[in-house]
There are 2 protein chains.
Amino acid sequence: MATSEASVTRIMVAVNESTIKGYPHASISSKGAFEWTLQKIVMSNTSGFKLLFLHVQVPDEDGFDDMDSIYASPEDFKSLKSRDRARGLRLLEFFVTRCHEIGVACEAWIKKGDPKEVICHEVRRIQPDLLVLGSRGLGPFQRVFVGTVSEFCVKHAECPVVTIKRRSDETPQDPVDD
Amino acid sequence: MATSEASVTRIMVAVNESTIKGYPHASISSKGAFEWTLQKIVMSNTSGFKLLFLHVQVPDEDGFDDMDSIYASPEDFKSLKSRDRARGLRLLEFFVTRCHEIGVACEAWIKKGDPKEVICHEVRRIQPDLLVLGSRGLGPFQRVFVGTVSEFCVKHAECPVVTIKRRSDETPQDPVDD
C-alpha cells in the first residue's frame with residue numbers, strides 16, 4: 001500500500017565513525033541505533049518511514065590524524081577537506097545501502113561542527129518526527145571525559161528524542177571504543 | 001499479515017489524570033503521548049505493536065480530596081481504596097477503548113506509589129521495547145515545583161525512552177494544568 005508523503009514518519013538518525021577503527025566503520029552505537037529503528041519501529045512497514053542520516057564531522061583541532069602530512073599551500077587544505085568528505089560519504093554509504101536493500105526511503109548528509117550543536121540545529125531546520133541517537137551508555141565518571149551528545153540533545157532538540165544504549169554484550173573491553 | 005508475538009514491538013505508555021479536571025479525564029500530555037505513538041509509530045501497522053498502559057496513582061498524603069470524608073472504621077479505608085481504583089480504571093478505559101477501535105493489542109494496569117520509581121520498576125519487570133512519556137514541557141523554573149518524572153525516567157529506565165512534549169498550542173493558560 002502506497003503511503004502519502006504527509007503520513008510518512010521522518011526519523012533522523014545521527015551516525016558517527018568508530019572511535020577505534022575509524023572511517024569508514026560506523027560506531028557500534030550508531031549501528032545499534034539504526035538496527036533498533038529498523039527492528040522495533042519500521043519493521044514490515046517500510047513505506048511508512050523515511051530515515052534521515054546526519055553525520056557530523058568534528059573539525060580536527062589537534063591535527064593528530066594528519067601528523068605525517070605537510071601543508072604547503074591552500075590546495076593541500078582543500079585536498080584534506082575533500083578527503084574528510086570522502087571518508088564521511090563512505091560511512092553514510094553503509095546506512096544508505098542497507099536502507100536501499102530493505103526498501104526504506106532515506107537521505108544522508110554531512111555537516112561539520114560540534115555534534116550536539118549541529119544535531120539540534122539540523123533538527124530545527126529539518127523538523128523530523130523523531131531523533132534517534134546511539135549512546136555508549138557510559139557511567140557518570142566516564143561521561144565527564146567523553147562528552148554527552150545524547151544528554152544535550154534530549155534536553156535541547158526540538159523534537160522527540162530516543163537514546164539507544166548499547167547492550168552490555170556489545171560493549172567492547174575498552175569502554176571508550178564506540 | 002499476521003505478525004508473530006516475537007516480532008511485536010511492545011510500547012509502554014505511562015498515563016495520568018488531568019491535574020485540573022481530575023478523573024476520569026486523561027492529562028493533555030498523556031493523550032499527546034498516546035496520539036503521537038499511534039500517528040507516528042504504529043500508523044497502519046496495527047498488528048506490529050502492543051501498547052502497555054501503566055497508570056501510577058500517587059497516595060494522597062495531604063488528604064485534600066477527602067476533606068469531607070469521615071473514616072470511622074477500616075472498612076471506610078477499603079471503600080476509599082476501591083473508589084480510587086475505580087477512577088483509575090475509568091482513566092485506562094479511555095486508552096483501551098481507543099486501541100480496541102483501531103485494532104491495536106493492548107494491556108493496562110494500575111500501580112500505587114511514586115510515579116518515577118514505579119515506572120522504572122515496571123520497565124524492569126515488563127521489559128518493553130520503548131517507554132513513551134508525555135511531558136508538560138515546562139521551563140526550568142516551573143520544573144522545580146512540579147517534579148520531573150520524564151527526566152528521571154530518561155536517565156534511569158532500563159529501556160529506550162521518548163518524551164513527547166506538548167505543542168505550544170495545546171498548552172493551557174495555567175502551565176500547571178496537565
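Throughout these legends, a residue is called buried under 20% relative accessible area, exposed over 50%, and partly exposed in between (1.4 Å probe, protein chains only). The model is predicted, so local features need pLDDT of at least 70 and side-chain atom pairs count only at pLDDT 80 or more, while totals for chains, interfaces and linings use all residues. Residues are numbered from 1 along each chain as its sequence is written, chains are lettered from A and ligands numbered from 1 in the order in which they are written, and side-chain values use heavy atoms, with hydrogens and water left out.

**View 1. Asp84(A) and its two salt-bridge partners.**
Asp84(A) is buried, with a relative accessible area of 17%. A salt bridge is a side-chain nitrogen of Lys or Arg within 4 Å of a carboxyl oxygen of Asp or Glu. Asp84(A) forms one with Lys112(A), at 3.2 Å from N to O. This pair links distant parts of the chain, 28 residues apart: Asp84(A) belongs to helix α2 (residues 74-102) of chain A and Lys112(A) to strand β5 (residues 105-112) of chain A. Helices (H or I, at least four residues) and strands (E, at least two) are DSSP runs, numbered from the N terminus. Asp84(A) also forms a salt bridge with Arg83(A), where the closest N and O atoms are 3.9 Å apart. Both partners are partly exposed: Arg83(A) has a relative accessible area of 30%, and Lys112(A) has 42%.

Side chains of opposite charge can pair when their charged atoms come close. Here Glu122(A) and Arg125(A) meet in a salt bridge of 2.7 Å, N to O. The two residues both lie in helix α3 (residues 115-126) of chain A, three residues apart, which is about one turn of the helix. Glu122(A) is buried at 1% relative accessibility, whereas Arg125(A) is partly exposed at 48%. Elsewhere in the chain, salt bridges with shared partners join Arg83(A), Asp84(A) and Lys112(A) into one network. Over all chains, the count comes to 14 salt bridges.

**View 2. Phe34(B) and two aromatic partners.**
Rings of Phe, Tyr and Trp (its six-membered ring) pair if their centres lie within 6.5 Å; planes under 30 degrees apart count as stacked, over 60 as edge-to-face and the rest as tilted. The structure holds eight aromatic pairs over all chains. In one of them, Phe34(B) and Phe53(B) are edge-to-face, 5.4 Å centre to centre with 75° between the planes. Phe34(B) lies in helix α1 (residues 28-42) of chain B and Phe53(B) in strand β4 (residues 49-57) of chain B, so the pair ties together parts that are 19 residues apart in sequence. Phe34(B) has a relative accessible area of 1% and Phe53(B) one of 0%; each is buried. Phe34(B) also pairs edge-to-face with Phe95(B), at 5.2 Å centre to centre and 80° between the planes. That pair links helix α1 of chain B to helix α2 (residues 74-102) of chain B, the two residues being 61 apart. In chain A, one aromatic cluster is formed by Phe34(A), Phe53(A), Phe94(A) and Phe95(A).

**View 3. A lysine over a phenylalanine ring in chains A and B.**
A charge sits over a ring if NZ of Lys or CZ of Arg is within 6 Å of the ring centre and within 35 degrees of the ring normal. In chain A, Lys116(A) lies over the face of Phe152(A), 5.6 Å from the ring centre. In chain B, the charged end of Lys116(B) sits over the ring of Phe152(B), at 5.6 Å from its centre.

**View 4. The surroundings of Lys50(A).**
Lys50(A) is found in strand β4 (residues 49-57) of chain A and counts as buried at 17% relative accessibility. Its side chain is joined to that of Glu107(A) by a polar contact of 2.8 Å. A polar contact is a pair of N or O atoms within 3.5 Å; within protein, one must be able to donate a hydrogen and the other to accept it, and residues adjacent in sequence count only if both atoms are side-chain atoms. Not counting residues up to four places away in sequence, Lys50(A) touches residues including Val8(A), Arg10(A), Ile11(A), Cys106(A) and Glu107(A), a contact being heavy atoms within 4.5 Å.
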